[in-house]
Amino acid sequence: MNLLTMLSVSKISLAVVPQPPPHDSPNSNNNKHNAHIIFPVKGRLSYSSGTRHSSYNSHGNAEKRIRGLCSTNRLPEAVETFNQMLVSAKSIPSLTTCAILLSSLARGNRQELALSVYRVMNEAGIIPNVTILNIVINCHSQTGRMGDAFKVFNEMQAHGYVPDVFTFNTLMKGLCREGRIADAVNLYNQMVSKKQVPSVVTYSTLIFGLCRTGKTHEAFGLLAVMLQKGHEPNTVTFNTLMDGLCKEGKLQEAKKLLYEMLQKGYNPDVITYNTLIDGLCKEGKLEEARKLCYEMLDRNICPDVVTFNVFIDNLCKEGRLHDATMLLNEMLNKGYNPNVITCTAFIHALCQEGKLQQALGLLDVMVQTGHQPDEITYNALINGFCKVGNLEKARELLQCMLERGCRPNVVTYTAFIDGLCKEGQLQEATKMLHEMLDKGYIPNVVTYNAFIDGLCKEGKLQQALLLLDLIVQAGHQPDEITYNTLINVFCKVGNLEKARELHQDMLEKGCRPDRVTYNTFIAGHCKEGQLQEATEMLHEMLDKGYTPNVFTYNAFIDGLCKEGKLQQALGLLDVMVQTGHQPDEITYNMLINGFCKVGNVEKARELLQEMLEKGCRLGPVTYTVLIDGLCKEGQLLEATQMLHEMLDKGYTPNVITYNAFIHGLCKEGKQQHAHGLLDVMVQTGHEPNEITYNTLINGFCKVGNIEKARDVLQDMLEKGYAPNLIPTIH
């Protein structure tokens, strides 16, 4: 099965919507005798909620102990006591005790252990009731196994149980969590058809699903329906809507909603403020977020650990680790203890900066201080190592994750798939996707984006376009990254017409182009010498509220340099600095290259000096560009000095560097020296290319050394390169 065929399998998984039970299925109203018979196990002692083992009273203390341990959150001991009761073969816990234990485990984020206890219950012949089955459905839902959740739901109905509002709400929440809002609405309709009355939680859950999928406008429409039905929204409902507005960047509307809440007598809580503070922080409006903290205090709402975590997380995401550390100290001084989220924020930031060893060190500190890393912690580390191509270490972390009882999820598998795709290992990535599907996880748009990026990097553009169609067919909404990846690759290959088609498709799908989209088009037009079209795209970008960044300026400077309009390029550099944009290494490399190409090495040196004064790092590209310019001007001694400086800085010359020297030597009539440099290239592991060979052949032909030119040509043909100078050799 090829990649695209295999990916289409995921479409099947998206359609797991429960079917109504057959009309002749038993229910609690007409078949009360069977109401407690579900999943019977032959040869096992079983009882319903109406019968108990005769020795139960002698073990009443054990039941009390289980309930007491659950109330004090000593869950492992509670499970051990539960197991001891069953092993004794003298007593089986009541359904109430079983429900308390399962519910406590689920609330304690120990869903796997809860499901394990449920399996033991089944083996012991304990027949569950609706309450227990609802907890089991909830555990499957919270761990992302909606297929298993619906299996229990369907079997539950087949055995005569009537799902209640809690059952439907739990399933709807799981579907909404996965972005399957259409399936959640279908389930809502099924709920109504079964005469179950939707609750505030039902509507709030659907509002959550709509907001999660970017349909905040529809969510407000549902709020209106909710009010018409006589259901009064609560703070959770408003918090969900506020979260949706913040995620869509509609901060003004979110702030307006907060003040509408206050006017209508609804009391915002710390979650309300944390949501809005998080939205402001994500937009870089930290000062406004701080003011909101003061407003919280004025309303006698105390900031909590989450409030601090929101600020710390956003500071970490901005790479401001020092500021985040200072805020952590303030948090400690106020008596708040950092939690897993706090530590994970720092680990994520370290991974983003490529400080993976420090991130691993912090993981060790977490464990030593009694903080249990969760899936998000491990996913941050796994993603970090996958991004640098260290898949072996990522697999080690996956194993560690499993040993600590953390279950890999969609994010985990997607990180591996992305890493494999970036390494060009599409076949291995497809195997990982198979495993992901086998575990019951449904690929999301990020997973598909990884494959699209991998296909684009491999030059398989038609397959990437087919996969885009597949995403839509599977019920997923392509996002900005999907389209930006495809637009970028078509711009790079000069197919701007296809890029424009994708841009139009992007708009029709309701996907908003962002700064990256516009910058990609600007760079594409500049690369093709279409500076007028690039300028028009810049105006559109400004009209949409996006300001140019360093990438935008670099694209125009590159286009101007390629057109030989170097003075205009220098003028744009001045504008860039005046508008507060710091030129980077790429900016100066393009300008230095532009002046070197026209033989103005002196100006190139001036720009190099300015580059150093601005604190820009001289990389291998800068040195190679200058060496090429000096060689073209016959300044081989200066070029050699530059090469030594390059080596001293720890940079290795590449084939372009060698080609520059070979061209310079040939130009100076030093063909034998140039040929000797070819041998040095090969010895140091650098593969000569067509330019290397053609330069040497041309050099030997110009001095009449046809025999040597033929030798180089023969070597070139043996290496599989096609010459373009055959007519020169007679």
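Analyst: I341 is exposed, with a relative accessible area of 52%; exposed means over 50%, buried under 20%, and partly exposed in between, using a 1.4 Å probe and protein chains only. I341 lies in helix α19, residues 340-352. Helices here are DSSP runs of H or I, at least four residues long, numbered from the N terminus. H322 is 19 residues from I341 in sequence and 18 Å away in space, C-alpha to C-alpha.

This is a predicted model, in which local features need pLDDT of at least 70, side-chain atom pairs count only at pLDDT 80 or more, and totals for chains, interfaces and linings use all residues. Residues are numbered from 1 along each chain as its sequence is written, and side-chain values use heavy atoms, without hydrogens and water.

Now a helix pair. Helix α20 (residues 356-368) packs with helix α21 (residues 375-387) at an angle of about 160°, their axes 11 Å apart. The axes are lines fitted to C-alpha atoms over the stretch in contact, and angles run from 0 to 180 degrees between N-to-C directions. That makes α20 roughly antiparallel to α21, a label for angles over 145 degrees. Contact means heavy atoms within 4.5 Å. From α20, the contact includes L356, L360 and L363. From α21, Y378, L381 and F385 are among the contributors. By class, this contact has eight nonpolar, three polar and no charged residues.

Finally, the whole chain. The chain has 40 helices and zero strands. Buried residues make up 50% of its 730 residues. The C-alpha trace spans about 110 × 60 × 50 Å along its principal axes.

Technical notes. Helix = DSSP H or I, 4+ residues; strand = E, 2+ residues; numbered from the N terminus. Parallel < 35°, antiparallel > 145°, perpendicular 65-115°, else oblique. Nonpolar A, V, L, I, M, F, W, Y, C, P; charged D, E, K, R; others polar.
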